[in-house]
Amino acid sequence: MPKDKEPIFKNFNFVCVMALIVGIKIQFSEESEFTVDRSKRGLTQVPKDLPPKTTVLDMSQNHISELQFSDINFLSGLEVLILSHNRIQQLNFSVFRFNQDLEYLDLSYNQLWTISCHPVVSLKHLDLSFNNFDTLPICKEFGNSIQLDFLGLSATKLQQLDLLPIAHLHLSYILLDLNGYAVKGNEIESLRILNTKKLHLVFHPNSLFSVQLNISVNKLECLELTNLKLNDENCEVLINVLSELTRGPSLLNFTLNHVETTWKCLVTIFQFLWPKPVEYLNIYNLTIIENIRKEYFTYSKTALKSLKIEHITNRVFLFSQNVLYTVFSEMNILMLTISDTPFIHMLCPQKPSTFKFLNFTHNVFTDSIFENCSTLDRLETLILQKNGLKDLFKVGLMTKDMPSLEILDVSWNSLEFNRREENCTWVESIVVLNLSSNILSDSVFRCVPPRVTVLDLHNNRIKNIPKQITKLEALQELNIAFNYLTDLPGCGTFTSLSALIIDHNSISHPSTDFFSSCQRIRSIKAGNNPFQCSCELREFIKNIGQISSEVVEDWPGSYKCAYPESYKGTQLQNFHMSQLSCNTTLLVVTIGVTMLVLVVTVTFLCMYMDLPWYLRMVCQWTQTQHRARNTPLEELQRNLQFHAFISYSEHDSAWVKNELVPCLEKEDIRICLHERNFVPGKSIIENIINCIEKSYKSIFVLSPNFVQSEWCHYELYFAHHKLFHEGSDNLILILLEPISQNSIPSKYHKLKALMAKRTYLEWPTEKSKRGLFWANIRAAFNIKLALVTENNDVNT
């Protein structure tokens, strides 16, 4: 923006900056040993419990009537002391003799009428204004405060040499409170202020201006007058006061606060200042009274660049509007600001205008304010915030005759664009357009200047950005926050976009192709959206996490999950979901493979391992064990009753009964056979289990017939289970006839395993070898025979 469009008070001095910093520090910092806020506490004296290390102390707006040495002498590091709005009447500056670091002292708005002097050389800011002094409270010791930058004073009468003790100081700001200044007829008093950059005079708010002062200031740059009540008669009194104050060539800024005046007097002030060196004229809180008539105004060559008038109250209800229009519209200045005004005060100038900057914020202008206006051909900035604009199409037409217009601000109006068939007409020079805080919808993108580079659309009713937009190739910055968008816009439409503000919308599932299509993006602000933390968001989080935090504003603090409830408030950078749960194809494949493996495994077990059979066995074993746990304790206290349980196929019963059993029993080996030892009434499984458990060993007669017997398989299963459960070598395998490994069913894997170890005895076909066979069998029992006998003896 050009220099002539910068804020008017561009030379704010050190004192203003310091006061601002101190005010912020006091207002927002918590009370500590360095900053203490005891304002608005109803105090009648300085509290005694102040921390000794206090550097900033605010005791304003209390009822303190006296300041003593003992109140603050222990605060050796005190730098800022604020005692404004109290009831102090007298002050001896010697109370500060131990406060060598005191720089900021505010005693304004008290009841001071006298002070006793003492040097306080460290002071930079001393405010004694709005007190009850008759003469200016100036001590010669103040002349030693070479760092003094701000001085606030009060007086009811003035003398020319009152400020002589500080004449050599180079102050930045003098505030002179003349609320109680006594007028002495037509006598004119003089006051010489040698050096200050800014002079602020405050007069009585309810009295007609009648102060006749001759004030001269060297090197004055800023002049401010507050509380001016004027009419046609006393207007000349003010002009006389201003004559001396505006004599110097250095005065650039002139400000009037709280002015009540007639229209004639106001025009007179304008006319007086027009040839002066003043460049920036500011009027705040202006009230126009009595009447508004045509006043002749000579627009001579002027140094004035800017006129700003804020908050106008008009107490004249019947007047010619052209009187107002003419005075303002024909001004030959660069910048004009008239804001917060309840009446129209400006129309199109009648001849080519010099205006480059117009600010008409918070007025009552309508769409037709500058319709067909061809005299504003130099205008570069036009601000029409908070007016009565309604039709964006008419706003566009308004600009077509402003060939130099670059910046247009029409925010905070009631603008709409509902013309479906027509496109807007804009001057092509507009590069910055502010359409925020209106009631615009998606159609606004059909009514935007073609060369705009900065577009502000925040706080409207936009739900979608149409993809067929072709006119915004130059757009670099887009602010579309506080709307109803559900997705990030791609940059296919905005090929030059480098900054995007899209926070506070309705974006829950942002597209992942944004970053790939927006290669030029240098700043994005997309926080405070209701993000749906689900699988679709993972890619967006990954992309945004790879971008510098300088590009992604407010990351990660403003980027949080809104849904589902379990993730609500979680920052996006802390949200994680597994690849398996988010990839549907991978999930289906994983489930399919798992099911396939399960099916294959079950099929294998059923076909080759006879899984159903084993399941039945486990079930029956469990039932038997359950019944055993429920039997009385005395039944469980039993001994081994048999040396051996013989399991065989019925097809091999002749060999068992004729050969095996007689040979063993003649050696006193007790044999358990199912046909003679099974208990009637119990299940076969339960009888098998009981016989095996009551037998020292189990003998299995193996043959092709054994392999085909399911009951033999049951008996082998339970006997093998006892082998692993008790850790005893209780199995004796007798191979009656050869068995091929291939002929053994897969469910007999235990039998296969035992035979693979060749831990069986083969029945010899030659009778000469049978003696050794029987000896081996008897040996298996002779080793444990004594132990069994002992156990039986004990139990009997």
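These are my entries, in the order of my look-ups.

**Entry 1: disulfides**

I noted before starting that this is a predicted model. How many disulfides does a search of the whole structure find? I got five.

**Entry 2: C117 and C139**

I began with the disulfide between C117 and C139, where the sulfur atoms are 1.7 Å apart. I then checked the torsion about the S-S bond, which is about -75 degrees, so this disulfide is left-handed. Next I looked up where the two cysteines sit. C117 is in the loop between strand 6 (114-116) and strand 7 (125-127). C139 is in the loop between strand 7 and strand 8 (150-154). The pair therefore ties together parts that are 22 residues apart in sequence.

Are these two buried or exposed? I found two answers. C117 has 35% relative accessibility, so I wrote it down as partly exposed. C139 has 2%, so I wrote it down as buried.

**Entry 3: C235 and C265**

I moved on to C235 and C265, which a disulfide joins at 2.2 Å from S to S. Is this disulfide left-handed or right-handed? The S-S torsion is about 85 degrees, so it is right-handed. I placed C235 in helix 3 (residues 235-245) and C265 in helix 4 (residues 263-273). The pair links distant parts of the chain, 30 residues apart. I marked both C235 and C265 as buried.

**Entry 4: helix 4**

C265 made me curious about its helix. How many of the eleven residues of helix 4 are buried? I noted eight, so helix 4 is largely enclosed by the rest of the structure. The buried residues are W263, C265, L266, V267, I269, F270, F272 and L273.

**Entry 5: C424 and C447**

I looked up another disulfide, between C424 and C447, with sulfur atoms 1.6 Å apart. Its S-S torsion is about -100 degrees, so I recorded it as left-handed. C424 lies in the loop between strand 19 (407-409) and strand 20 (432-434). C447 lies in the loop between strand 20 and strand 21 (454-456). The pair therefore ties together parts that are 23 residues apart in sequence. C424 is buried, with a relative accessible area of 14%. C447 is buried too, at 0%.

I also checked S437, which is found in the loop between strand 20 and strand 21. S437 is buried, with a relative accessible area of 6%. What does it touch, leaving aside neighbours within four places in sequence? I wrote down S411, W412, N413, H458, N459 and N460.

I looked up C222 and found it buried, with a relative accessible area of 5%. I turned to C672 next. C672 is in no disulfide, and its nearest cysteine sulfur, that of C691, is 3.3 Å away. That is not within 2.5 Å, so the two do not count as a disulfide. C672 is buried, with a relative accessible area of 0%.

In which order do the five strands of the open sheet stand? I read 28-27-29-30-31, with parallel pairing. Strand 28 (671-672) and strand 31 (760-762) are at the edges. Each has a single partner strand, so one side of each is left without a neighbour in the sheet. I counted two bridges joining strand 27 (residues 642-647) to strand 28. C672 came up again here, as the bridge partner of F645 in strand 28.

I then looked for helices packing on the sheet. Helix 13 (residues 653-665) touches strand 27, strand 28, strand 29 (695-702) and strand 30 (731-735). Its direction makes about 150 degrees with that of strand 29. Helix 15 (residues 684-693) touches strand 27, strand 28 and strand 29. For helix 15, the angle with strand 29 is about 120 degrees.

Technical notes:
Residues are numbered from 1 along each chain as its sequence is written. This is a predicted model: local features need pLDDT of at least 70, side-chain atom pairs count only at pLDDT 80 or more; totals for chains, interfaces and linings use all residues. Side-chain values use heavy atoms; hydrogens and water are left out. Helices (H or I, at least four residues) and strands (E, at least two) are DSSP runs, numbered from the N terminus. Buried means under 20% relative accessible area, exposed over 50%, partly exposed in between (1.4 Å probe, protein chains only). Two strands pair if DSSP finds at least two bridges between them. Contact means heavy atoms within 4.5 Å. Axes are lines fitted to C-alpha atoms, for helices over the stretch in contact, and angles run from 0 to 180 degrees between N-to-C directions.
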